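Student: Can you walk me through this one? I'd like to start with the ligand site.
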Amino acid sequence: MSKQVILTGLRANNDLHIGHVFGAMRPIIEMAANRSDEFQVNMFIPDLHSFTTPIDHSQLQAQIMHNIRLFVAAGLPLDNDSINLYRQSYIPAHSELTIILNSFTGMGEMGRMTQFKDKQEKLSRNVIDSGEISVVGNADSDRARMLASVASTRISVGLFDYPVLMAADILLYGASYVPVGDDQSQHLEFTRDIAERMNNKFGDDLFVVPKSVKKQHAFFGKEQGLRILDLVDPTKKMSKSDETGKGVIFLGDAPELAAKKIMSATTDDLALIAKNHEHQPGITNLLELYEQLGGDSTEFIGQTQYGAFKKAVADKVVVFLTEFQARVAAVDDTEIRAKLAASEKAMNEQAQARLLRVQQAIGLRDVKQQ
Ligand code: ADP
Ligand code: TRP
């Protein structure tokens, strides 16, 4: 029997931050490093997802290589055949399966996706706020109408269809486990839905249905998806789309700058170090960050002063970034290119085999063809 597959993708749009390392990269890299005898581990760059929102296309190639170096620096082993590292667009089956799945996906289903709604809203607001298009009239309804009109011309079908491509990424390899942050859970649920829908219609063994989000968390030893919060506004997640960068620790930040960001992180005036997501999101976030950085947060819980604790977190961040950046600088691009070539060849074979089964099931290929 073939091994169960663990798979994840990380877009290469912007500089990655520590939330990406702890939320997305580390869980799968730990699996890759420790359990590759039991699992096939696929880590890939969803490059076709890169321009679902506008980007500087001239930078994409450099960004992709840079992000791959970050994976290696975060501990992804390159010398193991059970671990695959590849770029989505190098495996045409991803695009082909997306086109097929599109015809079995409802418009309403996609329109309900929170990430789509958020990004649509944000992009449209940016266009209006930049003054590029002005709102005629002062009423809220004038602005709402303008937002809707901007959305209809500026929001791409690619953004709308994003989850279908993501489902294809997962289903082509029969992945059971897909470690992602909790903002991606809805896309994972959709992947399960479309897999079940296709299996019901075309036969139970067409697709492996990925495990439920709950089972995924149990597998990775977490009660819920990790969400590192913005340091300035701890009611939202740390995100590379943050405009000021003050609330985000980027992997390329100078360690001293990162330390300053921690020291000026928003906390509260309750004068108690405690884990309380609802009432003390800032301090709770720092406690979780400290744990992710290898610290023992119980040493600080119950204390009434925040300064020493913040300093301890800042020190850990400095050590983490210094070591991480040294590893990035030491990565050998020749090894990466060789790994990409080998994985892309092997994954084309796996993906193509699954695609053929789908093509046969839906009548695009003769079933006798093997
Ligand atoms: P961003 O929101 O910064 O644009 P992406 O949407 O590209 O990031 O997220 C890439 C992956 O990293 C996803 O699996 C996402 O859930 C995870 N991730 C992003 N930000 C965080 C965070 N602050 N905490 C935990 N995981 C995160
Ligand atoms: N949508 C994911 C994100 O924004 C990236 C992604 C694309 C992905 N395809 C995937 C993650 C397949 C896991 C599996 O973070």
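Tutor: A definition to begin with: Ala, Val, Leu, Ile, Met, Phe, Trp, Tyr, Cys and Pro count as nonpolar, Asp, Glu, Lys and Arg as charged, and the others, Gly among them, as polar. This is a predicted model, where local features need pLDDT of at least 70, side-chain atom pairs count only at pLDDT 80 or more, and totals for chains, interfaces and linings use all residues. Residues are numbered from 1 along each chain as written, ligands are numbered from 1 in written order, and side-chain values use heavy atoms, without hydrogens and water.
Student: How do the residues of the shell around ligand 2 divide?
Tutor: Eight are nonpolar, four polar and two charged. A residue counts as near with a heavy atom within 4 Å.
Student: Which come nearest to ligand 2?
Tutor: Of the 14, they are Gly 9, Tyr 162, Met 166, Asp 169 and Gln 184.
Student: What lies 2.6 Å from a nitrogen atom of ligand 2?
Tutor: A polar side-chain atom of Asp 169. For Gln 184, a polar side-chain atom is 2.9 Å from a ligand nitrogen. Polar contacts here are pairs of N or O atoms within 3.5 Å.
Student: Where does the largest share of the shell come from?
Tutor: Helix 7, with four residues; helices are DSSP runs of H or I, at least four residues, and strands are runs of E, at least two, numbered from the N terminus.
Student: New topic: what order do the strands of the open sheet have?
Tutor: The four strands run 3-2-1-4, with parallel pairing, and pairing takes at least two DSSP bridges. Strand 3 (83–87) and strand 4 (175–177) are the edges.

Terms used: A polar contact is a pair of N or O atoms within 3.5 Å; within protein, one must be able to donate a hydrogen and the other to accept it, and residues adjacent in sequence count only if both atoms are side-chain atoms.
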